[in-house]
Amino acid sequence: MNTESASRADARSAAPTRVLVWDAPVRVFHWLLVLTFAGAWLTAESERWRLAHVTLGYTMAGLVAFRVLWGLFGTRHARFTDFVRGPAAVAGYLKSLLRGRPEHHVGHNPAGALAIVALLLLAVAVPATGWALFNDMGGEWLEDVHEGVANAMLALVAVHVAAVAISSWLHRENLVASMVTGRKSAPREEAIHGAWRSVAALMLVAVLGFWWLQWQAAPGEGLLAGGQRAWSTIEHDDDD
């Protein structure tokens, strides 16, 4: 009788259910990165919004720095060791998609992990080249590099969104919703033990605090006038 009860308990624990997979810092980072990149892209050609554009770029760099640290010391599925795999694993996963029997991964799949690493690298290159450009450390070639890296990141974002949509359909699970709620269908033993909301709150406070400082430091009418004046100064120096 005891053996039968234990077997049923083991079966229940192994059966997929809705468990917490993505902690709050991972989710807040994800959506903040989406917002900052979208905002930086939309303000890229506007002199009036220039300092807002720069501020969003710096924010993106800070977010990536946090994600690297959290990828080393964060919760189970947030760590790079949990999802970053070699070329063989990526190829195997892609083959499983072509066969119509996709491998299921509780965290990021190998192909998605590759895209995430590439996005993190580009999210560093974009603000780095933008910082150099804003501080007049290069000519038109640097502007071309900055724009090219930003375009590459936009293209990769488009591929990532398409891959999420396809994976959601193939795996019969809403991956976008899971990045909001943090929960996925998985065995109970795959669940993380805490959401770490305090860390997510601190990250959000740090971002909002940085934006406030940028606004306060900007001359004139805040980020708008400050950005316009700063960029006009750079263009004037170039003309000289």
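V34 has its place in helix 2. In this predicted model, V34 has a relative accessible area of 39%, so this residue is classed as partly exposed, lying between the 20% and 50% limits of that class.

V34 also belongs to a nonpolar patch on the surface, which V34 forms with W31, V176 and V180. Two elements, helix 2 and helix 8 (175-181), each give two or more residues to the nonpolar patch.

**Aromatic pairs**

A pair of aromatic rings is described by the distance of the centres and the angle of the planes. Across the whole structure, a search finds four aromatic pairs. In the pair of F37 and W41, the ring centres are 6.4 Å apart and the planes meet at 40°, so the pair is tilted.

Helix 2 (residues 24-42) holds both F37 and W41. The two residues are four apart, about one turn of the helix.

F80 and F83 form an aromatic pair of the edge-to-face kind, with 5.8 Å from centre to centre and 65° between the planes. Both residues lie in helix 4 (residues 80-83). They are three residues apart, again about one turn of the helix. Both F80 and F83 are buried.

The two pairs described so far are set out below.

| Pair | Centre to centre | Angle between planes | Class |
|---|---|---|---|
| F80 and F83 | 5.8 Å | 65° | edge-to-face |

Ring pairs also join F66, W70 and W196 into a cluster.

In which helix is H53 found? H53 is part of helix 3 (residues 50-73). With a relative accessibility of 15%, H53 counts as buried, because that value is under the 20% limit. Which residues does H53 touch, when those up to four places away in sequence are not counted? The contacts of H53 are A40, T43, A44 and H146.

Definitions and conventions
Residues are numbered from 1 along each chain as its sequence is written. This is a predicted model: local features need pLDDT of at least 70, side-chain atom pairs count only at pLDDT 80 or more; totals for chains, interfaces and linings use all residues. Side-chain values use heavy atoms; hydrogens and water are left out. Rings of Phe, Tyr and Trp (its six-membered ring) pair if their centres lie within 6.5 Å; planes under 30 degrees apart count as stacked, over 60 as edge-to-face and the rest as tilted. Buried means under 20% relative accessible area, exposed over 50%, partly exposed in between (1.4 Å probe, protein chains only). Patches are made of residues with over 30% relative accessible area and no salt bridge: like charges are joined within 9 Å, nonpolar side chains (Val, Leu, Ile, Met, Phe, Trp, Tyr) within 5 Å. Accessible areas come from the Shrake-Rupley method with a 1.4 Å probe; for residues, only the protein chains shown count as cover. A salt bridge is a side-chain nitrogen of Lys or Arg within 4 Å of a carboxyl oxygen of Asp or Glu. Contact means heavy atoms within 4.5 Å.
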